[in-house]
Amino acid sequence: MPSRTRQKVQTLRASSKELFPGVAVALIVAVTAQFLADHYATPAMLLALLLGIAVSFLGEEGKTVPGVAFSARSLLRLGIALLGVRVSMGLMMALGWDLIALVVGGVIATIGFGLLVARFFGHGWRFALLTAGAVAICGASAAMAISAILPRDERSEERLIFTVMGVTVLSTIAMIAYPVLVNFLALNPVQAGVFLGGTIHDVAQVVGAGFSISEQTGDTATLVKLMRVAMLAPIVLMASLMIRSFAELPKDGPRPPLLPGFVVAFLLLAGLNSFGLIPAIVSDFLSQWSRWLLLTAIAAVGMKTNLKQVLAVGGAAIALIILETAFIAGLILAGITVLT
């Protein structure tokens, strides 16, 4: 073996040994969160985050620090990239152009609304884009993807943690409350599915809420939710272009990427799946990997969290994310009433 190749192999082994303890503890937290979620009907994402915060000392000192940082960044991005296998344009076209326009318009309008009203709550465009994007698209996954293109400052981690916690908690509340609202309003299965899929933040909670009503509602809700997931890449691209054009970026330090590699991979997988080039068994396998990678990553993000700093975000931030959630719910409900 040539000396250069041998040196690369040794470096890779050393790096793996350095990362292993942190990745292992993040995975243990993720498995524990999933176990508790299965037995106590609580969102695994929220449990992983809270359990990670409970052992946050593992992300601050000791041998686990490099692996925790790797999990919170690299495993996260890989998990988001693999979300692309859930997206199929062919299935989405079955909804019809009017409902597609409603869902797409709801996403764009919610982000615009968040950017417009954030200043009245004392927050800047970074926090507005992060919270509104998470509410509009796909919860924690969208928050983490959008965070990757935002110019970083001393409050970047704090804003991300708050947003992930906020959308996960609100999504859980919606999973319980929205089916009650659907029954009260006497929505038919398609209307109910569009409402649930178009308003609840996280995929798992959409599925839980939809199938708690009926199989048809669950199928429609999942399909509409995946349409919102499919908007992750174009929204991130447009936001990145606008940030580069209009935002004041730091003169020193790395510039946020135009389109992160994991978003490109998301688009590629979504395209392949839309053309039927990914077998169903492979798609299911990669989808499960995506879920576990995201769960492990969110556990690691929790381990890197300073809870006092997160809570210092304040009541105005809570009010903003609740208002954004109410806005998209009202908009989609009004659209359903007009179109169906």
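Hi everyone, let's start with a pair of helices: α3 passes α14 in a left-handed crossing, where left-handed means that the near helix is turned anticlockwise from the far one by less than a right angle, and right-handed means clockwise. Before going on, a word on the source: this is a predicted model, in which local features need pLDDT of at least 70 and side-chain atom pairs count only at pLDDT 80 or more, while totals for chains, interfaces and linings use all residues. Residues are numbered from 1 along each chain as its sequence is written, and side-chain values use heavy atoms, leaving out hydrogens and water.

Back to our pair. Helix α3 covers residues 65–82 and helix α14 covers residues 280–303; helices here are DSSP runs of H or I with at least four residues, numbered from the N terminus. Their axes come within 7 Å and cross at roughly 150 degrees. Axes are lines fitted to C-alpha atoms over the stretch in contact, with angles from 0 to 180 degrees between N-to-C directions. α3 and α14 are therefore roughly antiparallel to each other, a label for angles over 145 degrees. Contact means heavy atoms within 4.5 Å, and on the α3 side it includes V68, L75 and L82, while W289 and M303 are among the α14 residues. By class, this contact has 15 nonpolar, four polar and no charged residues. Nonpolar covers Ala, Val, Leu, Ile, Met, Phe, Trp, Tyr, Cys and Pro; charged covers Asp, Glu, Lys and Arg; the others, Gly among them, are polar.

Helix α14 also packs with helix α2, residues 44–54, at an angle of about 30 degrees with the axes 6 Å apart. α2 passes α14 in a right-handed crossing. Among the residues that meet are M45 and I53 in α2, and R291 and I298 in α14. Here the classes are 10 nonpolar, two polar and one charged.

Next, please find α6 and helix α16, residues 315–339. At what angle do they pack? It is about 40 degrees, with their axes 10 Å apart. That makes α6 oblique to α16. The contact includes F127 and V135 of α6, plus L320 and E324 of α16. By class, it has nine nonpolar, two polar and one charged residues.

R126, L130, S147, L150, P151, S156, R159 and L160 line it, each having an atom within 4 Å of a point. α8 gives the largest share of that lining, three residues.

Technical notes: 1 Å grid on protein atoms, 1.4 Å probe; cavity = no way out; pocket = protein on both sides within 12 Å on 5 of 7 lines; lining within 4 Å. Helix = DSSP H or I, 4+ residues; strand = E, 2+ residues; numbered from the N terminus. Parallel < 35°, antiparallel > 145°, perpendicular 65-115°, else oblique.
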